[in-house]
Amino acid sequence: MSAHALILAGLDGDRTWRLQDYVARGGYAALKKIVAEKTPPDAIIAELKASGLRGRGGAGFPTGLKWSFMPRAFPGDKYLACNSDEGEPGTFKDRDILRYNPHAVIEGMIIGAWAMGCTRGYNYIHGEIFEIYRRFEEALAEARAAGLLGRNILGSDFSFELFAHHGYGAYICGEETALLESIEGKKGQPRFKPPFPASFGIYGKPTTINNTETFASVPFILGMGGEAFLNLGKPNNGGTKIFSISGHVNRPGNYELNLGTPFAELLELAGGIRGGRKLKAVIPGGSSSPVLPANIIMDCTLDYDAISKAGSMLGSGAVIVMDESTCMVKALERLSYFYHEESCGQCTPCREGTGWLYRVVHRIEHGLGRPGDVDLLKSVAGNIMGRTICALGDAAAMPVQGFVKHFGDEFAYHIEHKQCLVPRGVQDAGSQIYVSPSC
């Protein structure tokens, strides 16, 4: 299946983030057509439903369906929020969209505001990428100066204002209701649901939240038509997807591919495994998705349904590649530490359970493992799953379940022999699992 880049197409110039460059690539044509023809909101939402676009932030919820939840008759302000709080290990696509193609996100949000009757919007940008926050602010200023934002957009009676909101690096604020709390100036902790954001969001008003890549896809869908976008992918998996591949590959980076592309094709585009080593395992959708061994992932296509059938999740499309030099216990130790540190502490199963997971894996890795520790890991992970307000608890538990399921022999060897199954010399000759998000 060949790649058909949309969001990343034409971004090899010097100043691709500028308004004039975006317009030269066909930018804002969809918005201008909508405003000029007074396209009914229902028609836009129907086009999104036809496109098969699913949320690109991790959950994969159908975008058109989510937009249809916004109450039409609500008399006051309604809000949009863009989730650019990209904090999960392995993810670095959204920051590149904002770095090189910010106006696609802006146009997508303006179209969303038209379709859902929103008056204000916020783009919540991860706290550790401040230079990208500034670039997005510059793009907003360009859009306002061109009459594309603010009052009476393009001479119409449609008004919408959009702001950038700078977070401070908390992973939990990537959860949509914690993000809303943070925008309101409160501690970023998840809310109980229901009520859902579509009825009670920012400042208690109806709010729709989508991922950066999701909003950036909207102008292309409206420009080419929902059916054409759907046909780039496969049924229930419409369009293209940006995959952030990192780890033991020769050319880590962002690759935009049609959904349904074989994993082997992405691996080839990334230059294959570094140093001529063999593929051992892949985390296919960001660090919270269960790991898959080489024999399973090599037979997979990159789409929501195929990865789910294989026992994992496509998630954000962050693909972490591990070769034969990787100690799987050591890898899980690092992931478990991350989730332990990032738990907001609101829910007891997550606050206490993530600590238990990290401490047990840590002692196994350092030669202090006990008989029964593998069963203890399974038990703790199972007691976290589905018992927390948000999905961070599940995000901590699922990697443990995946690693133990597919690489239980390494954990057993660590416990019995007090050392790693992968020879130390092989580990030392390898490289770190994770690469810089700037790759």
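Predicted model: local features only at pLDDT ≥ 70, side-chain atom pairs only at ≥ 80, totals over all residues.
The side chain of arginine 18 meets that of glutamate 138 in a salt bridge, with 3.6 Å from N to O. The two partners come from distant parts of the chain, arginine 18 from the segment before helix H1 (19-24) and glutamate 138 from helix H7 (residues 130-145), and they stand 120 residues apart. Glutamate 138, at 38% relative accessibility, is likewise counted as partly exposed.

This pair is one of 23 salt bridges in the structure. Another joins aspartate 94 to lysine 93, whose closest N and O atoms are 2.7 Å apart; here aspartate 94 is buried at 4% relative accessibility, and lysine 93 is buried with a relative accessible area of 2%. A further salt bridge brings together the side chains of lysine 193 and glutamate 175 at 3.8 Å, N to O. Because lysine 193 lies in the loop between helix H8 (176-183) and strand E4 (207-211), while glutamate 175 lies in the loop between strand E3 (161-166) and H8, the pair ties together parts that are 18 residues apart in sequence. Lysine 193 is partly exposed, with a relative accessible area of 33%, whereas glutamate 175 counts as buried at 14%. Through shared partners, salt bridges join Lys66, Glu175, Glu176 and Lys193 into one network.

Leaving aside neighbours within four places in sequence, tyrosine 28 is in contact with several residues, including Ile106, Glu107, Ile110, Ala143 and Leu148.

Histidine 414, placed in helix H17 (residues 392-417), is buried, with a relative accessible area of 2%. Beyond its neighbours within four places in sequence, histidine 414 is in contact with Cys327, Val329, Ile364, Glu365, Gln419, Cys420 and Leu421.

The residues that line the largest cavity include Ile172, Pro190, Cys344, Gly345, Thr388 and Leu392. By class, this lining has seven nonpolar and five polar residues, with no charged residues.

Notes
Residues numbered from 1 in each chain as written. Heavy atoms only, no water. Helix = DSSP H or I, 4+ residues; strand = E, 2+ residues; numbered from the N terminus. Buried < 20%, exposed > 50% of the residue type's maximum accessible area, 1.4 Å probe, protein only. Contact = heavy atoms within 4.5 Å. 1 Å grid on protein atoms, 1.4 Å probe; cavity = no way out; pocket = protein on both sides within 12 Å on 5 of 7 lines; lining within 4 Å. Nonpolar A, V, L, I, M, F, W, Y, C, P; charged D, E, K, R; others polar. Salt bridge = Lys/Arg side-chain N within 4 Å of Asp/Glu carboxyl O.
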